[in-house]
Structures are given as structure tokens and as C-alpha cells.
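This report goes through selected local features of one structure. Please look at the sequence and the coordinates before reading on.

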Amino acid sequence: MFTGIPSYKRPFDPERFRWEGVEAKLYKFSGGEVRGMGWRGVRRYTLASPPEIPAAFAIRYFEIEPGGYSSFEKHEHVHFILVLRGRGRAVVGTRIFELAPYDLLYVPPLVPHRWVNESDEPFGFLCPVDADRDPPQPLDDAEWEAMVANPLTAPYAF
């Protein structure tokens, strides 16, 4: 059945590592005033989402510059990320994952997580999510204290 929305293609420019017609957006408006919710050097690119496409999901590309990191957050929806560029780390609960191109990482619901780029090149990944999803939540006091007390995760609890 034809949906009335025509097919389209977003050409990719490998020299710029960008999709045609897709502009960077702020990762988040703020968050630094809430413990762990600060972030640095993250850009978000929405490649497809409603109402542009008749789907219940959105496909986003995030890129973290060298020395950058995302907020330390949790939410009810799951995360799958597929690394496309560079190397990075994911703090997921009490584990640290080293990530490289084409690695796929699953983050269960309500598990605290943060993406970190400690390399000297951009770290980029695709992140498909439900179009209708809950907003990020900061870690509660017990979760934050557990992160700070754990020698593996403490270096990422900033």
C-alpha cells in the first residue's frame, strides 16, 4: 500500500562523514546543573524520524569529538548502538566496553550508561530508538554512589 510519502535517499559524503541534508543538532539543551548529566563535544544527527517517515522509530547518528562524553543517564527504552567511526568507551552499569567500528552494543532498560571518547579522532555511532520514548533520567543517589565507589566506573563519574 502506498503511504503517500515518496522514497528517498540521503547520499553519504565519506570525506566529511556526513549525510546530505542532515544538520547537526544540540545533543541536549543543558544538564550540567544535574549531577552526571553534563556532557561535552557531542553532536546529534537525525537521519530519519516521524513525521518525515511513517514509522515508530527514529535513526540517529551521534558523534563525540576527542575528549568528549555524553551525559550519564538511564531510561526505560533500550539502546542498541552500532559504531561506524573511531573508537570509544561505553560505561554500562558496572561494565566498561571498548568499542570499535561495526561493534554493536545493547544497553538494557534503566541501566545507567555514558559514552566516552578518549581517542584523538571522532567517535561516531548509529542509535535507532522508538520515536515515542521516555526522556533521559539522572542516576539516583544509590546508583551514583555505586558508580563512584566502583574502581572501574569511578573515572567516568564526572
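Is Lys 74 buried or exposed?

Lys 74 has a relative accessibility of 9% and so counts as buried; the classes are buried under 20% relative accessible area, exposed over 50% and partly exposed in between, with a 1.4 Å probe and protein chains only. The model is predicted: local features need pLDDT of at least 70, side-chain atom pairs count only at pLDDT 80 or more, and totals for chains, interfaces and linings use all residues. Residues are numbered from 1 along each chain as its sequence is written, and side-chain values use heavy atoms, with hydrogens and water left out.

Lys 74 lies in strand β6 (residues 73–74). Strands here are DSSP runs of E with at least two residues, numbered from the N terminus. The side chain of Lys 74 makes a polar contact with the side chain of Glu 143 at 2.7 Å. A polar contact is a pair of N or O atoms within 3.5 Å; within protein, one atom must be able to donate a hydrogen and the other to accept it, and residues adjacent in sequence count only if both atoms are side-chain atoms. Leaving aside residues up to four places away in sequence, the residues that Lys 74 touches include Leu 110, Val 111, Pro 112, His 113, Pro 135, Pro 136 and Glu 143. Contact here means heavy atoms within 4.5 Å.

## Strand pairing

Strands β4 (40–48) and β5 (57–69) run antiparallel and are joined by 7 bridges. Two strands pair if DSSP finds at least two bridges between them. Within this pairing, Ala 48 has Ile 59 in β5 as its bridge partner.

β5 also pairs with strand β12 (residues 123–130), in the antiparallel sense and over 8 bridges. In that pairing Phe 62 stands opposite Phe 125 in β12.

## Salt bridges

How many salt bridges does the structure hold? The count is 11, where a salt bridge is a side-chain nitrogen of Lys or Arg within 4 Å of a carboxyl oxygen of Asp or Glu. One of them joins the side chains of Lys 28 and Glu 73, with an N to O distance of 2.1 Å. This pair links distant parts of the chain: Lys 28 is in the loop between β3 (25–26) and β4, Glu 73 is in strand β6, and 45 residues separate them. Lys 28 counts as buried at 16% relative accessibility, and Glu 73 counts as buried at 7%.

The side chains of Arg 43 and Glu 63 form another salt bridge (3.1 Å, N to O). Here too the pair links distant parts of the chain, with Arg 43 in strand β4 and Glu 63 in strand β5, 20 residues apart. Arg 43 is partly exposed at 28% relative accessible area, whereas Glu 63 is buried at 1%. Both residues belong to a network of salt bridges that links Arg 18, Arg 43, Glu 63, Glu 65 and Arg 85. Arg 89 forms a salt bridge with Glu 98, the closest N and O atoms being 2.4 Å apart. In this pair Arg 89 is partly exposed, with a relative accessible area of 24%, and Glu 98 is exposed, with 53%.

## Backbone exceptions

Most residues other than glycine have a negative phi, and most peptide bonds are trans. The peptide bond from Pro 50 to Pro 51 is cis, with omega near 5 degrees. Pro 51 lies in the loop between β4 and β5.

Tyr 102 has a positive phi, near 80 degrees. Tyr 102 sits in the loop between β9 (95–99) and β10 (104–107) and is exposed, with a relative accessible area of 64%. Leu 110 also has a positive phi, near 60 degrees. Leu 110 is in the loop between β10 and β11 (113–116) and is partly exposed at 41%; Leu 110 is also among the residues touched by Lys 74.

## A nonpolar patch

Which residues make the nonpolar surface patch of about 370 Å²? They are Val 78, Phe 80, Leu 104 and Tyr 106. Patches are made of residues with over 30% relative accessible area and no salt bridge; like charges are joined within 9 Å, and nonpolar side chains (Val, Leu, Ile, Met, Phe, Trp, Tyr) within 5 Å. Accessible areas come from the Shrake-Rupley method with a 1.4 Å probe, and for residues only the protein chains shown count as cover. Leu 104, in strand β10, is exposed with a relative accessible area of 57%.

Terms used:
Helix = DSSP H or I, 4+ residues; strand = E, 2+ residues; numbered from the N terminus.
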